[in-house]
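This report examines selected side chains and their surroundings. The sequence and structure are shown first, and the description follows.

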Amino acid sequence: MADRSRMNFLRLGAIRNGSGLVPSLIIGASLLGGAAVYSTAHSATAAAPAPSAVALVDIARVINGLHEMAERNAVIKAKGEQLADQLRTTDDEIKKIEDDLKNKIPPKDFAARAEAIGRAYEFKALLDTRKKIFQRQFDVMNGDATHELYEKAMAAIDAFARREGYDLVLFDDRALKLPDLGVATNSELNSLLEARRVFYARDGMDITDRIVTWMNQQYASGPRATGLGATGTGATPTGEPAPAAPVTPPQTGNPR
């Protein structure tokens with residue numbers, strides 16, 4: 001409505017003023033043009049900013065490529081086996097009771113059968129509870145390892161970037177791929193697309209392997225982990241960054 005009123009105002013002004021409307025518009029354009037010329041001339045005299053040095057790091061590949069993570073995974077796996085043994089022991093008790101009900105306790109011995117059935121229910125409830133508790137313990141151990149090594153990786157990236165003169169280090173998410181056709185909804189795809197940050201990077205910008213090699217060299221020269229909560233010195237790497245080297249990322253295990 002406001003645009004229509006404005007149009008009517010311009011039309012009426014043109015009728016009343018005759019050709020006076022056109023010079024007014026030309027003058028306005030001249031003012032705008034003058035401002036544009038001034039702005040361009042002013043920006044031309046400003047000093048160009050210095051180019052920024054940018055690098056990319058795949059933090060997941062860093063953490064999975066660390067020798068310390070491999071050692072932590074071995075400790076966690078051993079603990080997971082201990083928890084799994086406890087589950088198997090409880091499961092064996094259940095199987096023994098079920099075998100007694102089937103082959104040893106007479107069908108007419110109602111008291112003995114009721115007592116055995118009660119113990120079987122008790123062990124089954126214990127088994128289910130232990131499964132949940134042990135899985136939670138296992139997941140938290142994995143989470144703590146990732147947390148601690150993430151903090152170390154951040155410190156190493158910071159030190160490396162300062163040493164090498166990088167102004168900005170970004171998470172390299174180019175490895176993230178869209179799901180296959182016929183799987184994801186439009187909303188799910190939009191979430192993935194909006195989260196994407198790096199669409200292109202020239203060769204040489206990825207410093208992931210250099211970070212991994214540098215951190216592994218520093219870890220090799222320090223004290224070893226002695227338990228789930230001990231992960232070496234935790235100090236920021238101080239040696240010279242090493243050249244890139246291929247690393248096969250270890251996988252975190254799960255309790256059987």
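Phe 160, Tyr 166 and Trp 214 make up one aromatic cluster in this predicted model, where local features need pLDDT of at least 70, side-chain atom pairs count only at pLDDT 80 or more, and totals for chains, interfaces and linings use all residues. Residues are numbered from 1 along each chain as its sequence is written, and side-chain values use heavy atoms, with hydrogens and water left out.

**Aromatic pairs**

A pair of aromatic rings is described by the distance of the centres and the angle of the planes. Rings of Phe, Tyr and Trp (for Trp, the six-membered ring) pair if their centres lie within 6.5 Å; planes under 30 degrees apart are stacked, over 60 edge-to-face, and the rest tilted. The count under this rule is 2 aromatic pairs.

| Pair | Centre to centre | Angle between planes | Class |
|---|---|---|---|
| Phe 160 and Tyr 166 | 6.4 Å | 15° | stacked |
| Phe 160 and Trp 214 | 5.5 Å | 55° | tilted |

Phe 160 belongs to helix H5 (residues 110-164) and Trp 214 to helix H7, so their pair ties together parts that are 54 residues apart in sequence. Helices here are DSSP runs (H or I, at least four residues), numbered from the N terminus. Accessibility is classed as buried (under 20% relative accessible area), exposed (over 50%) or partly exposed in between, using a 1.4 Å probe and protein chains only. Phe 160 is buried, with a relative accessible area of 0%, and Trp 214 is buried as well. Tyr 166, by its value of 22%, is partly exposed.

**Thr 208**

Helix H7 also contains Thr 208. This threonine has a relative accessible area of 0% and is therefore buried. Contact means heavy atoms within 4.5 Å; leaving aside residues up to four places away in sequence, Thr 208 touches Leu 56, Val 57, Asp 58, Arg 61 and Val 62. With Asp 58, a polar atom of the Thr 208 side chain lies 2.8 Å from the backbone nitrogen.

**Arg 197**

Arg 197 is located in the loop between helix H6 (186-195) and helix H7 (208-220). Its relative accessibility is 58%, so Arg 197 counts as exposed. A polar atom of the Arg 197 side chain lies 2.6 Å from the backbone oxygen of Glu 194. The C-alpha atoms of Arg 197 and Phe 171 are separated by 8.1 Å, the two residues being 26 residues apart along the chain.

Note on methods:
Helices (H or I, at least four residues) and strands (E, at least two) are DSSP runs, numbered from the N terminus. A polar contact is a pair of N or O atoms within 3.5 Å; within protein, one must be able to donate a hydrogen and the other to accept it, and residues adjacent in sequence count only if both atoms are side-chain atoms.
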